[in-house]
Amino acid sequence: MLDDADDIHPLFYGAPKTTEFKKLRKRIVQNTREAIEQYGMIEPTGKDGDQRPKWLVCLSGGKDSYTLLAVLHELQWRGLLPVDLLACNLDQGQPNFPATVLPKFLEDMGVPHRIEYQDTYSIVIDKVPAGRTFCALCSRLRRGNLYRIAREEGCSAVVLGHHRDDILETFMMNMFHGSRLATMPPKLVNEEGDLFLYRPLAHVAEVDCEKFSSSMGYPIIPCDLCGSQDGLQRQQIKAMLDQWETNAPGRRQKMFRALTNTRPSHLLDPKIFDFKGLTTGEAVSGKDPQD
């Protein structure tokens, strides 16, 4: 990736020249390409069958969404992502939201974009009991508006900036508090069946997003403008994973790989493995893990 004056997307103007940053950038790009290819995120044609796909890239102004925006434009700029990209910010009416920051940034970077204002904050304040976190309802309302915008813009997919650590934390949350093994999938179809939802940063570590966006000096907008932080339970999960990572570096990556290496016959869910129909005299899925 040579950053000559005529061979770089504006999102990378002023990128540090250090070896450390170049390695970081290369790692993020490789991890993103790997996820896009592994989960089949590039549809062969657009919705009408005669145009290339168009993605709605959701930009909150946080470190993760800036990293997502930059790496997707890097791949597109170099001919490695044959899709059209439309950045989108949904201003949900939170108090003190700096409404001019993202429009100016996107215009300066020459990034096609749409800024949408929908006062979902007032709805959340009205519906959520005092003392409860706003995040769940806020997220549902945001997702519904993003799907609508994607349809209006002729997009085939809504693209989010969730990274590897988000996926791990959600998995642990579901296991500890929801009694199920589930997490954020890198690719899914919405309930209406007309749009994809992609998470191209699924293989990217949160610390890499933080280092990247900080090094590039992107104008970060905090996620707590509404005064409601994500639930205490998620913060506890994050702290637990941080401690594990400190005690055993690489633990997060091993846990993430486990999510891609499941053994239904060695779990306990009869809905995904026919335990009752299991008989002797035929090859089975492997040895008992305790052997």
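Helices (H or I, at least four residues) and strands (E, at least two) are DSSP runs, numbered from the N terminus. The exercises concern a predicted model, in which local features need pLDDT of at least 70, side-chain atom pairs count only at pLDDT 80 or more, and totals for chains, interfaces and linings use all residues. Residues are numbered from 1 along each chain as its sequence is written, and side-chain values use heavy atoms, with hydrogens and water left out.

**Exercise 1.** Locate Met175 and decide whether Met175 is buried, partly exposed or exposed.

Solution. Met175 belongs to helix α6, which spans residues 164–178. Buried means under 20% relative accessible area, exposed over 50%, and partly exposed in between (1.4 Å probe, protein chains only). Because its relative accessibility is 31%, Met175 counts as partly exposed.

**Exercise 2.** Describe the salt bridge between Glu206 and Lys63 and the setting of each partner.

Solution. A salt bridge requires a side-chain nitrogen of Lys or Arg within 4 Å of a carboxyl oxygen of Asp or Glu. For Glu206 and Lys63, the closest N and O atoms are 3.2 Å apart. The pair links distant parts of the chain, since Glu206 lies in helix α7 and Lys63 in helix α2 (residues 63–77), 143 residues apart. Glu206, at 17% relative accessibility, counts as buried, whereas Lys63, with a relative accessible area of 21%, is partly exposed.
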